[in-house]
Amino acid sequence: MTRVITVASGKGGVGKTTITANLGVSLSTYGERTVVLDADIAMANLELILGMEGKSVTLHEVLAGEASIEDAIYEGPSGVRVVPAGISLEGLRNVKMDRLEEALSKLVEDTDILLIDAPAGLEKDALSALAAADELLLVTTPEVPSISDALKTKIIASKLGVNIIGVVINREQHDKTFLTVDEIETILEVPVIAVVPDDHEVSRAAAFGEPIVLKNPKSPTTNAIMKLAADLIGEEYQPIEPDKKGVITKLISGLMGRR
């Protein structure tokens, strides 16, 4: 039976799409038949992170009744299948969110896990993404405004009968001004199942349109997301330790090159 998991945040700008994209690639590397769908039809970014922009048929055309969902599925990194939302504002004109349920019913036919990247906020499109799922992953940063919006999303999801798997804390820093894991669990009353550190390599990977789990497989971020994927499917994950000797060698080479 296909698992339909919506990844939501409440607040925008917390890195939800980055988590979704890399989680999809990670699940695919474990052999799961994974589809990642960008439900953020107004502010789509998933295809940019995966280096898949410019596709001729996207979710815009599907929700406008101009194409079937099968025509909007593309193979992405490591075999993950991707349904981009489309970044053309022109494509928003005839979109009808009530067509989403029918499109999803076709996607699950040959899929183990369907990840839905939900829009931020609690507007109609975001609610549609929540209602379409059986399970929910909440992504938040350890800051009060982000936690506040995540709480609102959690309350709505609970009312819709969606099973909340847990919380993913993104961009964690060892800073006393941020909320701790215990504090976040107390506020949201949901377990924290992954902590992804703040990592400049994420932005670098996104700039090249390449998932960080592939671009830098030894990074702390990659280890955190790969472990999250493993936990979701009951697999064991052995963290890949950074090559400390290699880092030191590069540092020395860089310093020598400045002479």
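Q: Why does Ala 157 count as buried?
A: A residue is called buried when its relative accessible area is under 20%, exposed when that area is over 50%, and partly exposed in between, with a 1.4 Å probe and protein chains only. Ala 157 has 0% relative accessibility and therefore counts as buried. This is a predicted model, in which local features need pLDDT of at least 70 and side-chain atom pairs count only at pLDDT 80 or more, while totals for chains, interfaces and linings use all residues. Residues are numbered from 1 along each chain as its sequence is written, and side-chain values use heavy atoms, with hydrogens and water left out.

Q: Where is Ala 157 found, and which residues does Ala 157 touch, not counting those up to four places away in sequence?
A: Ala 157 is found in helix 6, residues 144–159, where a helix is a DSSP run of H or I with at least four residues, a strand is a run of E with at least two, and both are numbered from the N terminus. With contact taken as heavy atoms within 4.5 Å, and leaving aside residues up to four places away in sequence, Ala 157 touches Leu 136, Val 162 and Ile 164. Ala 157 and Asp 175 are 18 residues apart in sequence, and their C-alpha atoms are 30 Å apart in space.

Q: What is noted about the phi of Arg 171, and why does Arg 171 count as partly exposed?
A: Although Arg 171 is not a glycine, its phi is positive, at about 55 degrees. The residue lies in strand 7, residues 163–172, and because its relative accessibility is 36%, Arg 171 counts as partly exposed.

Q: Why does Glu 189 count as exposed?
A: Glu 189 has 64% relative accessibility and therefore counts as exposed. Glu 189 lies in the loop between helix 7 (181–188) and strand 8 (192–197), and it has a positive phi of about 55 degrees although it is not a glycine.

Q: How do you know that the span of helix 10 agrees with its number of residues?
A: The expected span of a helix is 1.5 Å times one less than its number of residues. For the 14 residues of helix 10 (residues 220–233) this should give 20 Å, and because the end C-alpha atoms are 20 Å apart, the span agrees. Helix 10 is followed by Gly 234, whose phi is positive, near 75 degrees.

Q: What makes helix 10 mostly covered?
A: Of its 14 residues, 10 are buried, among them Thr 221, Asn 223, Ile 225, Met 226 and Leu 228.

Q: Why does the radius of gyration of the protein chain agree with that of a compact globule?
A: The radius is taken over C-alpha atoms, and the globule rule is 2.2 Å times the number of residues to the power 0.38. For 259 residues a compact globule would have a radius near 18 Å, and the protein chain has 19 Å, which agrees. The C-alpha trace spans about 60 × 40 × 35 Å along its principal axes, and the secondary structure comes to 11 helices and 8 strands. Buried residues make up 47% of the 259 residues.
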